[in-house]
Amino acid sequence: MDDLTPRSGGEPAAPRRIGRGVFLATVAGGLSSLWWGKAAWGHVSGAVSPVAQAIAPILPSGGWRIYQVAPTMPYFDPSTWRLKIGGMVEHPQELTYDELRALPQAHQVSDFHCVTGWSVNGVHWRGVRFKDLLAAAKPRPGAGALGFISAEQPYVDYLTLEQAMLPNVMLAWEMDGKPLLQEHGAPVRVVIPDMYGYKNVKWVAEINLAAQPEIGYWEAYGYDNDAWVGRSNGYGT
């Protein structure tokens with residue numbers, strides 16, 4: 001998520017269902033860990049495993065709290081970066097950063113909500129709507145979902161095609177008038193304001209169309225596939 005992704009050096013541990021209360025307590029502990037340090041985490045992590053063992057320190061930044069999966073954030077080189085679009089499409093695509101930004105642009109102001117309870121209001125986003133992004137690729141009949149593969153492995157999540165086509169959903173490359181910073185998912189991230197942050201995948205490297213959504217990173221731990229703000233507590237029942 002912004003965002004919420006636990007820290008891990010490889011594949012996640014075997015999924016274990018955890019309640020939102022435990023997760024919130026873990027995040028609160030993450031804030032405290034800025035003061036406790038690594039040693040203290042070692043004494044408490046067993047009580048809230050697997051999340052506490054994996055969650056990254058929270059770094060407050062302009063009202064945001066940044067979480068990550070990998071030991072380091074993905075590095076973006078505009079000269080070599082490519083966005084791959086594949087799966088159930090007629091014409092697979094590989095777009096450079098400049099080619100992506102040459103597509104029809106959209107701008108919106110929307111609020112961002114994390115499942116842990118914090119929000120950032122009035123965020124200015126600029127990017128491309130998915131109908132324009134997918135136009136050249138031409139989704140095949142039967143395609144009903146988009147899989148977003150992050151450069152921050154092993155993070156992945158899914159939206160239905162219907163969700164991706166909502167009027168306030170985009171693939172964004174700019175936030176508050178500036179190109180995305182590394183911690184916010186540069187070069188591009190998903191923006192879906194009506195869902196909690198863990199569906200707003202950062203560092204998107206590949207988009208694959210599929211017949212239906214699969215299990216995303218946090219969904220493997222029991223969180224909702226459809227993480228609608230106000231209609232879900234993030235935890236699947």
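How many helices and strands are there in the chain? There are six helices and 12 strands, taken as DSSP runs (H or I of at least four residues for helices, E of at least two for strands) and numbered from the N terminus.

## Ground rules

This is a predicted model, so local features need pLDDT of at least 70 and side-chain atom pairs count only at pLDDT 80 or more, while totals for chains, interfaces and linings use all residues. Residues are numbered from 1 along each chain as its sequence is written, and side-chain values use heavy atoms, leaving out hydrogens and water.

## The chain overall

Of the 237 residues, 51% are buried (under 20% relative accessible area; exposed is over 50%, partly exposed in between; 1.4 Å probe, protein chains only).

## Around lysine 199

Now for the loop between strand S11 (189-191) and strand S12 (204-210), where lysine 199 sits. Lysine 199 counts as buried because its relative accessibility is 2%. Its neighbours, leaving aside residues up to four places away in sequence, include Asp157, Tyr158 and Glu219 (contact means heavy atoms within 4.5 Å).

Tryptophan 203 is in the loop between S11 and S12 too. Its phi is positive, near 55 degrees, though it isn't a glycine, and it's buried at a relative accessible area of 1%.

Proline 154 lies in the loop between strand S7 (145-150) and strand S8 (156-160), and proline 187 in the one between strand S10 (178-179) and S11.
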